Amino acid sequence: MSAGSISAEGVGVSFLFDRHQRAVTPALARLRRTSTRTWGVHEMGFTIGPGEGVALIGPSGSGKTTVLRLIAGVLSPDAGRLDVRGQVGSLLSTEAGLLGLLTGRENAALLGVLAGMSRAEAQAALEQIKLATHLEDAFERPVLSYSEGMKARLGFAVADHTGPDVMVLDEVHEALDHEFRQIVADRAHASLEAGGIVVAAGHDHPLLATFCDRALWLADGRIAADGPFEEIRQAYLNEASIDS
Amino acid sequence: MASPDTALRRSIDVLISLTISDLKVRYGRGGWRLVKWIADPFALVGVYLVLVTLVLDRPGEAPGLSLACAVIPFQLFTTTIVNAMSAVAARRSIVLNMGFNRTLLPLSGALTETVAFGASLLLLALMMAVYGVAPTLSILWLPVAIAATILLAVGVAYPAALLGIWMPEIGNFVMSFVRVLFFIAPGLVALSQISGDAHDLLMINPMTGLFESYRDALLYGDAPGAVELLYPATLGVLLLVVFVPIFRSEQRQFAKIMEF
């Protein structure tokens with residue numbers, strides 16, 4: 001593992017919609033001439049250095065998932081500059097990129113390659129990934145038969161096995177049972193101690209507190225506050241209780 | 001940044017993995033997948049060819065084989081378009097979860113269909129056997145005709161994938177248009193049986209050259225005309241030159257489209 005880092009400067013992500021409110025790409029928007037632009041993330045700036053565990057907190061629709069997708073390379077900024085250094089491992093939904101008709105083993109082989117391993121490396125890692133998932137015989141069954149928690153275990157095990165410098169987790173760890181949550185927390189700690197970065201979003205604050213010392217509070221696609229986890233969490237909860 | 005050599009090896013690994021996963025979904029696992037692979041083209045067009053060969057009394061030279069020389073390459077063309085139009089949506093969960101080179105998705109779909117197309121070649125052999133058409137040296141042109149077919153299919157996969165993203169609702173219209181391409185080419189009737197302006201106009205359709213190339217190689221025992229192969233192959237390359245950069249630029253937006 002090499003030291004990872006994330007630097008965002010004035011980053012924005014916009015969504016274009018046509019007059020029927022369907023999402024369109026800029027090329028299609030130009031062809032259709034009429035479109036409206038909505039900013040999902042706006043003027044966002046932060047830096048995250050090696051060994052930092054950062055929680056993204058905020059209400060639904062505040063931009064948490066968009067920020068995680070930016071870091072994971074799923075989205076590119078439409079404004080500003082984002083620099084992510086190091087190998088990124090992402091688990092952004094319980095589906096985790098899994099294809100239902102493939103078995104756990106076949107999905108692990110595919111996701112391993114998509115995450116940056118060579119085919120040979122992915123094949124060689126399958127037994128270790130199987131052990132890490134704790135899925136046992138279910139590893140050989142189609143993922144269609146899996147519960148949400150089983151899918152999250154598989155997705156996490158593959159993402160973790162690629163040895164990421166930056167681990168990005170979006171709520172999915174909340175689908176995990178207590179035993180595997182502890183494993184996620186342990187792996188996150190090990191990664192942080194080795195100079196890795198963990199960025200996680202979710203509403204289970206006690207779980208986030210186990211591996212995040214810092215929090216970014218997002219509201220309406222902007223950073224409302226950035227600081228120590230507990231301090232930011234309290235500020236957010238106070239505001240949320242006033243609003244409700 | 002990865003060196004070009006590393007990036008190429010990584011792209012090949014991703015391409016192979018995506019294609020293998022596609023094939024596993026389609027054909028399953030174990031010994032039966034070979035049976036399914038062979039049986040699929042028979043299920044798609046085999047019954048029709050048997051009908052033409054054994055039941056209907058059609059004029060012309062080896063009508064079943066002549067028809068197979070058109071239907072089989074056309075099948076690769078159409079299935080590639082169908083696959084490409086859903087190439088990104090079918091992998092929605094991956095597109096929303098991971099950053100990877102999505103430009104490989106249409107190519108992977110075309111590769112999957114090419115593997116499926118491989119089994120269709122057995123139908124051509126069967127038709128030759130049924131009509132007692134012995135292979136000649138011109139059969140050596142068959143790989144060239146297949147290469148031109150694949151090149152055109154890969155080329156058309158990129159605009160088809162973009163259409164699948166931009167306007168998924170017009171999928172049926174696109175497939176209707178594609179089917180028309182078969183009927184405005186010498187598919188049901190060989191080009192030699194068509195005369196006048198229609199003969200010349202049919203040459204505009206890239207399918208014409210492909211169909212006739214297969215017939216030249218397998219039925220007539222001739223070398224295909226250069227234009228018959230160069231036209232569809234060049235069109236395939238042109239489509240790649242125009243649409244791969246557009247696809248590469250648009251791929252940054254796919255996750256946004258998939259989310260809503």
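This is a predicted model: local features need pLDDT of at least 70, side-chain atom pairs count only at pLDDT 80 or more; totals for chains, interfaces and linings use all residues.

Student: How many bridges join β1(A) to β2(A)?

Tutor: There are 2 bridges, and the strands run antiparallel. β2 covers residues 23–24 of chain A. A:Leu16 stands opposite A:Val24 of β2(A).

Student: Which other strands are joined to β1(A) by bridges?

Tutor: β3, residues 36–48 of chain A, is joined to β1(A) by 9 bridges in an antiparallel arrangement. There, A:Val11 has A:Met44 as its bridge partner. β5, residues 79–85 of chain A, also runs antiparallel to β1(A), with 6 bridges. On that side A:Gly12 faces A:Ala79.

Student: How should I think about side chains along a strand?

Tutor: In a regular strand, side chains alternate between the two faces of the sheet. Then look at burial. β1, residues 5–17 of chain A, is mostly covered, with 10 of its 13 residues buried.

Student: Now the interface. How is its size expressed?

Tutor: Often as the accessible area lost when the parts come together. Between chain A and chain B the buried area is about 3200 Å². Carbon and sulfur atoms give 60% of that area. In chain A, the residues that lose the most area to chain B are A:Val74, A:Leu114 and A:Arg119, together 20% of what that side buries.

Student: How many residues does each chain bring to the contact?

Tutor: Chain A brings 42 residues and chain B brings 32 residues.

Student: How many salt bridges and polar contacts cross the interface of chain A and chain B?

Tutor: The rule finds 4 salt bridges between chain A and chain B. One salt bridge links B:Lys256 to A:Asp78, with the closest N and O atoms 2.5 Å apart.

Student: Which elements of chain A supply the side that touches chain B?

Tutor: β1, β2, α1 (26–32), α2 (64–72), β6 (88–91) and α3 (104–114) of chain A each supply at least two residues. The largest share, 5 residues, comes from α3(A). By class, the side of chain A that touches chain B has 25 nonpolar, 10 polar and 7 charged residues.

Student: Is α3(A) mostly covered or mostly open?

Tutor: Mostly covered: 10 of the 11 residues of α3(A) are buried. Among them are A:Ala108, A:Leu111 and A:Leu114.

Student: What covers the buried residues of α3(A)?

Tutor: Both chains take part. The cover includes α4 (119–133) and α5 (148–161) of chain A, together with α1 (4–27) and α4 (92–95) of chain B. Just after α3(A), A:Gly116 takes a positive phi of about 120°.

Student: Why does A:Glu106 count as buried?

Tutor: Because its relative accessible area is 13%, and the cut-off for buried is under 20%. A:Glu106 lies in helix α3 of chain A.

Student: Which residues does A:Glu106 touch, leaving aside its neighbours within four places in sequence?

Tutor: A:Glu106 is in contact with B:Lys24 and B:Arg29. The side chains of A:Glu106 and B:Arg29 make a polar contact at 2.5 Å.

Student: And within chain A, how far is A:Glu106 from A:Glu140?

Tutor: Their C-alpha atoms are separated by 8.3 Å. Along the chain, A:Glu106 and A:Glu140 are 34 residues apart.

Methods: Residues are numbered from 1 along each chain as its sequence is written. Chains are lettered from A and ligands numbered from 1 in the order in which they are written. Side-chain values use heavy atoms; hydrogens and water are left out. Buried means under 20% relative accessible area, exposed over 50%, partly exposed in between (1.4 Å probe, protein chains only). Helices (H or I, at least four residues) and strands (E, at least two) are DSSP runs, numbered from the N terminus. Two strands pair if DSSP finds at least two bridges between them. Contact means heavy atoms within 4.5 Å. Buried area is the accessible area (1.4 Å probe) that two parts lose on being put together, summed over both. A salt bridge is a side-chain nitrogen of Lys or Arg within 4 Å of a carboxyl oxygen of Asp or Glu. Ala, Val, Leu, Ile, Met, Phe, Trp, Tyr, Cys and Pro count as nonpolar, Asp, Glu, Lys and Arg as charged, and the others, Gly among them, as polar. A polar contact is a pair of N or O atoms within 3.5 Å; within protein, one must be able to donate a hydrogen and the other to accept it, and residues adjacent in sequence count only if both atoms are side-chain atoms.
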